[in-house]
Amino acid sequence: MTVTLTRESGISPVAGRVSVVSPRGEDGSAATRFTVSPDEPVFAGHYPDFPIFPGVCVVDCAHRSALATAPEPVELAAVESARFTGPAFPGDVLDFALKWRRKDDDWRLSATATTARGAAASVRLRYRAAGSAPQSLDAGTDAPPVATRADGAAELPEVASLLPHRYPMLLVDRITALVPGERITVVKTVTHNEPWYAGLTPGQDLAYPASLLVESWGQAAGLLASAAAPDARSQVMLFGSVSQAVFHRPVLPGDVVEHRITLSRSLGDSVIFEGESRSEAGPVMSVGQMVMAFRPGDHLRPA
């Protein structure tokens, strides 16, 4: 018997509802399900000519599954890992197999997502007890600024010239520094005008979704990859995996987030990045590693 989720909370880029198929058992196992509607708002701006459900939305569904099955009220502390092994398209049904376990003072959730075609993603999330202090970094220890282009060099490119994303899924505003093939700094201003904040009720948590913060960071990484390899712009840029995305403080409307990204390695059609995100208050997220892959779109379309 399927039970509609009733414990969802917070802002989310996903409009549909996750359903609990099997509540959490004594061994920590549970199961949930999500149907990818063609009407999901993210499709309007996430590769408009190639509708593919964003990997961060799969992570968001896993997170919402966690909120529905957690052993106690929890808050997301980190995406310890997420690996995407198959695309999800409009009309697909995502089935999540969940496993909870306690480690140290935190809860860990392992989740696998599958469609009718097979495996889609494996995700490991770390949670802290609701209301507890997040892992912090020393706000006074600032990372060195990214070097801008030298005087007389070409102007910094426009975001829309390097990324196919459009409203509402274009989540970066401006490149402020760029060394092609090495590093980039990109800013994103969070505002109440974003569609995720529509229909809020008084007193609702305004924290920017962790999934969208990761997506914004990934788009900034994509700008660096596209600037270094113009030929890749004709291909679909896929979010391959992420590890140790740790959240240090919430991002709220009005915050200006600065993504600082370094290209660690380039392996043919895959690129590996690392870095952090900061606001005026200090670090908001650190990313141990993100892998982006470039693939021809025709190779990904469902039969």
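His63 has a relative accessibility of 18%, so this residue counts as buried; buried means under 20% relative accessible area, exposed over 50% and partly exposed in between, with a 1.4 Å probe and protein chains only. The model is predicted, so local features need pLDDT of at least 70 and side-chain atom pairs count only at pLDDT 80 or more, while totals for chains, interfaces and linings use all residues. Residues are numbered from 1 along each chain as its sequence is written, and side-chain values use heavy atoms, with hydrogens and water left out.

His63 lies in helix 1 (residues 55-69). Helices (H or I, at least four residues) and strands (E, at least two) are DSSP runs, numbered from the N terminus. Not counting residues up to four places away in sequence, His63 touches Leu76, Leu125 and Tyr127, where contact means heavy atoms within 4.5 Å.

Tyr127 leads onward to the aromatic residues. Its relative accessibility is 0%, so Tyr127 counts as buried. Trp100 is also buried, with a relative accessible area of 5%. The ring centres of Trp100 and Tyr127 are 5.6 Å apart and their planes stand at 50°, so the pair is tilted. Rings of Phe, Tyr and Trp (its six-membered ring) pair if their centres lie within 6.5 Å; planes under 30 degrees apart count as stacked, over 60 as edge-to-face and the rest as tilted. This pair links distant parts of the chain, with Trp100 in strand 5 (residues 93-103) and Tyr127 in strand 7 (residues 118-129), 27 residues apart.

Strand 10 (residues 236-247) is largely enclosed by the rest of the structure, because 10 of its 12 residues are buried.
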